[in-house]
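Hi,

Here is the structure I promised to pass on to you. Please open it alongside this message, and my notes follow below.

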Amino acid sequence: MDKFIIQGGKKLKGEVNISGFKNAILGLIPATLLANDKCIITNVPMISDVYILADIMKKLGADVFLNEKNNSIEIDTSTVNECKASYDMAKSLRASYYLLGAGLGRFGKSEVAYPGGCDIGSRPIDLHIKGFEALGSSFKVEHGIMNCEADKLIGTNIYMDVTSVGATINIMLAGVKAEGKTVIENAAKEPHIVDVANFLNAMGADVRGAGTDVIRINGVKELHGCTYSVIPDQIEAGTYLVAAAATEGDVVVKNVIPKHLESITAKLKELGVEITEYDDSIRVKGNKKLNSINIKTLPYPGFPTDLQQPLSVLLTKANGTSIVTESIFEGRFKYVDELKRMGANIKVDGRTAIIRGATPLSSTKITATDLRAGAACVIAGLMADGETEVHNIRHVERGYENIVDKLKAIGADIKKVSE
């Protein structure tokens, strides 16, 4: 096991380049199954989740080449004859459930073990199942394996009872080769929904309306290979914006789509942080005095649940009391106990955290409980006086490419060492 050792109190200054979007690439890689051809994806973040998913694709029979030098992946799925992902293949990756939709669309059948991923609360797949069944697929679970099968997929109208990113993507994957028209109502609108739709269209699909709450899919018989570039990671970008503000730094966050970050930049401005937006970059200048604010996580374009934990760390510096309401995942506050050990004054009541600010953090040993909690722990270490050890960093490396090198380049004193 490895850990981060952080000497806090350093102001971050300089420029940082944002990698491709983790949440997008984890939908694009399974989508290549639909092509029965070779796809080349660029701007791929070299993170552990990508390596795991690439390995799953190899075990399915695909020819996969990861090029770490130019951040690309080539996947030829013409050699794949079926979609069966065992427990050992799927246990550590939530996004493995996208193989259900992709396999169903390609072969009319898929068998995938229940997925793993971060323990951040209930993450049911009932909406995925509802969508598959509406398209004409059967669904059953045997020995921990989810089985989907359809003689023929027929397009239909599907209303999502609750907005779900995963279900929206999975239904798109299954629906692009269904006969006729599929309409997804109350669809999720996140940027990576749009990215997956654009990728499918580049392969010859006909998906319209992605980014709105109604997605219309005209089924096609065949898809083909393509070359495609992943959009920038809005969550990684937001994390560096918060880190710069937390250290009272001055950082230009490059290779971003500012519109995707409007909910986080609006809150940073409300806090009293100076934000300057350019075409594809954002400059953030920290402020010693911060205002308390209230936050409620919501589906896009609302404030993202994935940035709740990093921003909550920053709120420990704000004067007064801030209230954070987590409406997406009930398990997102597990990291609070780690912050309390550093001196934070936070009280959690159900899905609400009350943060009494202007409370300095002191260094100690803390543990990342999940991916975004790990990012919060790193930011806490950057803020704290003295040496902080962050343990269980495998969570962090699931979603942040070269985080140590990127932070070092803008002035952080951080290193990765073996336990």
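The notes below cover a helix pair, another helix and a serine.

Please keep in mind that this is a predicted model.

Let me start with the helix pair. The axes of α8 (residues 234–246) and α9 (residues 262–271) come within 10 Å and cross at roughly 10°. Angles under 35 degrees count as roughly parallel, so α8 and α9 are roughly parallel to each other. Their crossing is right-handed. On the α8 side, L241, V242 and A245 make the contact, and they meet I264, T265 and L268 of α9. By type, the residues of this contact comprise 5 nonpolar, 1 polar and no charged.

Next comes α6, which spans residues 165–175. This helix is largely enclosed by the rest of the structure, because 10 of its 11 residues are buried. Among the buried ones are I169, I171, M172 and L173, and also N170 and T168. Where α6 starts, S164 has a side-chain oxygen that reaches to within 3.1 Å of the backbone nitrogen of A167.

Finally, have a look at S322, which sits in strand β19 (residues 321–325). Is S322 buried or exposed? With a relative accessible area of 0%, S322 is buried. Its side chain reaches the backbone nitrogen of I293 at 3.1 Å. Leaving aside residues up to four places away in sequence, S322 touches S292, I293 and N294, as well as L315, A353, I354 and I355.

How values were computed: Residues numbered from 1 in each chain as written. Predicted model: local features only at pLDDT ≥ 70, side-chain atom pairs only at ≥ 80, totals over all residues. Heavy atoms only, no water. Helix = DSSP H or I, 4+ residues; strand = E, 2+ residues; numbered from the N terminus. Buried < 20%, exposed > 50% of the residue type's maximum accessible area, 1.4 Å probe, protein only. Polar contact = N/O pair within 3.5 Å; in protein donor to acceptor, adjacent residues only side chain to side chain. Contact = heavy atoms within 4.5 Å. Axes fitted to C-alpha atoms, helices over the stretch in contact; angles between N-to-C directions. Parallel < 35°, antiparallel > 145°, perpendicular 65-115°, else oblique. Left-handed = near helix turned anticlockwise from the far one by under 90°. Nonpolar A, V, L, I, M, F, W, Y, C, P; charged D, E, K, R; others polar.
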